[in-house]
Amino acid sequence: MNTSELWIGGKEHKPSSGEYFDDLNPSNADLIARVAKGNMADVNAAVTDARNTFDHFRESAVRTREKILCDAASIVERDRDVYMDLLINEVGSPQMKAAFEVEYCINAFRAAAGVPRRLVGQTMPLDRPGAFGMSIREPVGVIGCITPFNVPLLKNVKQIAMVIATGNTAVLMPSEFATQVTVQFAKTLHEAGLPGGVFNYVTGDPAEIGDFLTSHSDIAAINFCGSPIVGQHVANIAAKNLKPVTLELGGKNPLIILDDADLDKALEAAVLGIFFFQGQACMASSRIIVQSEIAKRFIPAFVEIAKGVKVGDLSDPETAIGPIISSRQADRVKSHVADALEKGATLLHGGEWVGNCCPPTILSDVTSEMVVFGEETFGPVTSIYTVDGLEHAMQLANDTSYGLSCAIFTSDISSAMKAATKSDAGMVHINAMSIQDEPHIPFGGNGMSGLGREGTDADLDIMTRWKWITIQVD
């Protein structure tokens, strides 16, 4: 039986409590690993080690950090199949999604490798005679990182690659449903030559150790991805301790299809945008807003395609929908759909589950009284709304407390740019699906979708701080 420990100071550490918990395959409930259950003492040990390591890693040569990140990319590329298997078996990723995540990890390491040589400041004139001014960026210290189950490899590399690039250190708390991806990630960094103590992880119950990690006096900044409720809690902790924080909290993302859209491309974007990884994606198109004329063709075509979406068998590369990650999340999906139907929504497609896999579920006649109207379901469930034009579409698109991603399909550039400027989302995609991400872009949203942005340039806002230096030369 596979047993995984904590990772502190570049070594495996047994949990001080001696306790372990089960990490199960969501498809069949098979035991993947017995996982160390860290407690506050373990978190403290990891943070302390990371703080001590920071004192010398911050002075590491640019070429050292650059090489570690390049080598890590090459190792992930070599071990692609290992990561693919973990993503499929541990979190229920369809093969297409797993392949996307591995490729993203490779690219993110390489993108971060270019950052150490671009950590530049400025020179500036000053008012007083004979004075010279400059500004520099310096690393902040230990970053507390918390990653979700749905894209564990992607979020690990998003948060940790830039920690390395900027000369910081980190303590990561991964989702209890995605521990083994993080175990393999640590092995990759160790083989790439990352000094012990730069990257540490503590597995365990987030409810028991999360607050201790984020409020620890030696944590300089926090990078969190999860639900809005927990994100607000983390933000309160950060505010109380005056710590910078990046929050990525999900979305209720609209896909707008106007009458002049390319129907085939819009259909492809709709199918991928909501059924990708069984809808367990923060950018999923959980609201499809269709202009009335094209709706007559789009809706029946979309339903027909949904009937052919493969569900269940993750060994089949054509399978698009695998298992919902946990019974708690499955109950959430079921309750959202049941509430909508009880209050008058129409079920266009969906119904009987396949084990713990939810079939593609399409609703219409959804109103604001229904939970699914405003809350993120995080499953392969979407609602279709019919509108009479762009203004109506934008009103509905912005009628949400979230603001992460918005997609619009139209052949008119004026309509496209009006939508882009009127949208309250942090990211707008014209004639492309709502699920888009690359390592260097400013990824993030507004409102309940979070605070701050992720990306090789945007991360500098949280992982470095400005220092102004003056020299009196005469």
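Trainee: Is aspartate 71 buried, partly exposed or exposed, and what is its relative accessible area?

Mentor: Good place to start! This is a predicted model, where local features need pLDDT of at least 70, side-chain atom pairs count only at pLDDT 80 or more, and totals for chains, interfaces and linings use all residues. Residues are numbered from 1 along each chain as its sequence is written, and side-chain values use heavy atoms, leaving out hydrogens and water. Buried means under 20% relative accessible area, exposed over 50%, and partly exposed in between (1.4 Å probe, protein chains only), so aspartate 71 is partly exposed, with a relative accessible area of 25%.

Trainee: Which residue forms a salt bridge with aspartate 71?

Mentor: A salt bridge here is a side-chain nitrogen of Lys or Arg within 4 Å of a carboxyl oxygen of Asp or Glu. Helices (H or I, at least four residues) and strands (E, at least two) are DSSP runs, numbered from the N terminus. An α-helix has 3.6 residues a turn, so residues three or four places apart point the same way. With its closest N and O atoms 2.5 Å apart, the partner is lysine 67.

Trainee: Where in the chain do glutamate 138 and arginine 58 lie, and how many residues apart are they?

Mentor: These two form a salt bridge, with the closest N and O atoms 3.8 Å apart. Glutamate 138 sits in strand E7 (residues 131-139), while arginine 58 is in the loop between helix H1 (40-57) and helix H2 (62-78). The pair links distant parts of the chain, and the separation is 80 residues.

Trainee: In the salt bridge of lysine 14 and glutamate 5, what is the N to O distance?

Mentor: Their surroundings are worth a look too. Lysine 14 counts as exposed at 61% relative accessibility, whereas glutamate 5 is buried, with a relative accessible area of 8%. Their side chains meet at an N to O distance of 3.1 Å.

Trainee: How many residues of helix H5 are buried?

Mentor: Helix H5 covers residues 152-165 and reaches 20 Å from its first C-alpha to its last. That is close to the 20 Å expected at 1.5 Å a residue, the expected span being 1.5 Å times one less than the number of residues. H5 is mostly covered, and its buried count is 14 of 14 residues.

Trainee: How many salt bridges does the structure hold?

Mentor: Some share partners: Lys155, Lys158, Glu248, Asp437 and Glu454 are joined into one network. For the structure, the number of salt bridges is 25.
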